[in-house]
Amino acid sequence: MRTTARQCALQAARLIAPARLPPIIPNGILPYESVPTPSDDKSSLLTSQIHDYIDAKHKETQVGDIFRDQLGHVKGLWLSNPGNYQQVFEQEGEFPKSMKPEAWKIYNEDNKCKRGLFFMEGNEWHTCQRIVRPLMLSQKSSYNFGIQLESLANSYVESWGKRKKLRNLEEELYSYFLEGLMVVVFGRNYEGKSKKQIPRLVGGVRGLFTESARMTLYDPYSARKPGYPGHNVWRKFSSSMSGALSAGEDIVNENLKNCESGSLCANLILAGLSISDVKRILIDLFLAAGDTTLVFMSTYTSGRDERFFSQPTRFWPERWGRRDSNKQVGVSHPLASMPFGHSTRNCVGKHLALTQMYLLLSKVLESHRVTCDNHEYIQYKMRLLATMNEPLQVTLTGR
């Protein structure tokens, strides 16, 4: 953990919840060991329940907005107040670090894999992100292929309308967003056979995040060895990582030589990046490896906190609308929810994702009524990222 981030987070916590922390030491900085820590037995804690555990700890009076804990082999500092988040971001410096699952780093070392932006640090990261970020985060990157993206949305809505019942909406949406990314990365005429790789990539990524979450409960260095705790989890994780990387590599190799002028691929080559660097950046984009900050920010908790959201558990899309002052109607702090991260290591695909969401939602709701077919209330499930505990099933009825 970065010392500056730790110090900054502790200073912020003193200001926000002074009664919950021990006295300030003379130099104004609290040592890590002085931060409150839960004393619960976590031996039976499942990785899919980690968010519930952390949320409950933040709500305890003796712990509150900031606490330290160890989950499996991972030691961390958990924050749940966006004021703390802001303080951490302000201390990032020129070369902010990102948290990488230990198992991912070990897999890369064992297999001699050079990866994309998510795994880069220092000058290498700074150089590449200055090329990639303007290309991906500029509104122009989506507008250049607006007609094709709209056509893609139309084709999905038409297909869904004919099928009427969708048995796993998450996988449908992931395929849709992957195809949209192909359009922006390679251009309008990306190789059609690449579509056949999408189910393979979806399955690989799903397994990768599921097994990565499970690996947090084991020491990955030991788990690699037969007979040690977690070895079967390591084998599944390693297989999922290999499958996802292989599918991503096949997609990139099939399209690299024929990428269209104006596409991200062509622009990266024009910017002077080597073909090997272009490949690894694009492969990691398809694996959707969004950057995250080093301190654990409990946005599951802050996104459900009445201090920052009016009626946080209510379905109220209008909360995101803006008043004349440009402040959102039902949101009191913009960092309380960060679906795309924040600062210089946020998600480079943010504008593309929003464009695709707006297109798809407008076209689906304009032509269909959507009803949920699940009989039980769907719960959150963690596999590094928040997802659902069962497939979301919906029925589309024409208007």
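Q: Which residues line the second largest pocket?
A: The lining is made of Cys 113, Lys 114, Arg 115, Leu 245, Glu 249, Ser 276, Lys 279, Arg 280, Ile 283 and Asp 284. Keep in mind as we go that this is a predicted model.

Q: And how much space lies in that second largest pocket?
A: About 210 Å³.

Q: Which helices supply at least two residues each to its lining?
A: Those are helix H11, residues 231–255, and helix H13, residues 275–286. H13 gives the most, with five residues.

Q: How do the lining residues divide into nonpolar, polar and charged?
A: Six are charged, three are nonpolar and one is polar.

Q: OK, new topic: sheets. What is the strand order in the sheet with mixed pairing?
A: The order is S1-S2-S4, and this three-stranded sheet is open. Its edge strands are S1 (66–71) and S4 (296–297), each pairing on one side only.

Q: Do S1 and S2 pair in the parallel or the antiparallel sense?
A: Antiparallel, over six bridges. To find a spot to look at, take Gln 70, which stands opposite Lys 75 in S2.

Q: What about the turn in the hairpin of S1 and S2, how many residues lie between the strands?
A: Two residues, and in this hairpin Gly 72 takes a positive phi near 65°.

Q: And how do S2 and S4 pair?
A: S2 (residues 74–79) and S4 pair in the parallel sense, over two bridges. Leu 79 has Met 297 in S4 as its bridge partner.

Q: Which helix packs on that sheet?
A: Helix H2, residues 50–58, which touches S1 and S2. The direction of H2 makes about 145° with that of S1.

Q: Where do side chains point in a regular strand, by the way?
A: As a general rule, they alternate between the two faces of the sheet.

Q: Nice. What is the order of the strands in the sheet with antiparallel pairing?
A: That open sheet of three strands runs S3-S8-S5. Its edges are S3 (165–166) and S5 (368–372), each of which pairs on one side only.

Q: How many bridges join S3 to S8?
A: Two, and S8 covers residues 394–398. In this pairing, Lys 165 stands opposite Thr 395 in S8.

Q: Which helix lies across S5 and S8?
A: Helix H15, residues 350–367, and it runs at about 95° to S5.

Q: Last topic: confidence. What pLDDT does the protein average?
A: The average is 81, and 87% of the residues score at least 70.

Q: Where is confidence lowest, and where is it highest?
A: The lowest is in helix H1 (residues 3–16), with a mean of 40, and the highest is in S3, at 96. Over residues 1–26 the pLDDT is below 50, and this stretch has 62 contacts in the model beyond near neighbours in sequence.

Q: What about residues 289–294?
A: There the pLDDT is below 50 too. Beyond near neighbours in sequence, that stretch has 22 contacts in the model.

Definitions and conventions:
Residues are numbered from 1 along each chain as its sequence is written. This is a predicted model: local features need pLDDT of at least 70, side-chain atom pairs count only at pLDDT 80 or more; totals for chains, interfaces and linings use all residues. Side-chain values use heavy atoms; hydrogens and water are left out. On a 1 Å grid over the protein atoms alone, a cavity is a set of points where a 1.4 Å probe fits but cannot get out, and a pocket is an open set with protein on both sides within 12 Å along at least five of seven lines; lining residues have an atom within 4 Å of a point. Grid points are joined across faces, edges and corners, and a volume is the space filled by probe spheres set on the points. Helices (H or I, at least four residues) and strands (E, at least two) are DSSP runs, numbered from the N terminus. Ala, Val, Leu, Ile, Met, Phe, Trp, Tyr, Cys and Pro count as nonpolar, Asp, Glu, Lys and Arg as charged, and the others, Gly among them, as polar. Two strands pair if DSSP finds at least two bridges between them. Contact means heavy atoms within 4.5 Å. Axes are lines fitted to C-alpha atoms, for helices over the stretch in contact, and angles run from 0 to 180 degrees between N-to-C directions. pLDDT is the predictor's confidence in each residue, from 0 to 100.
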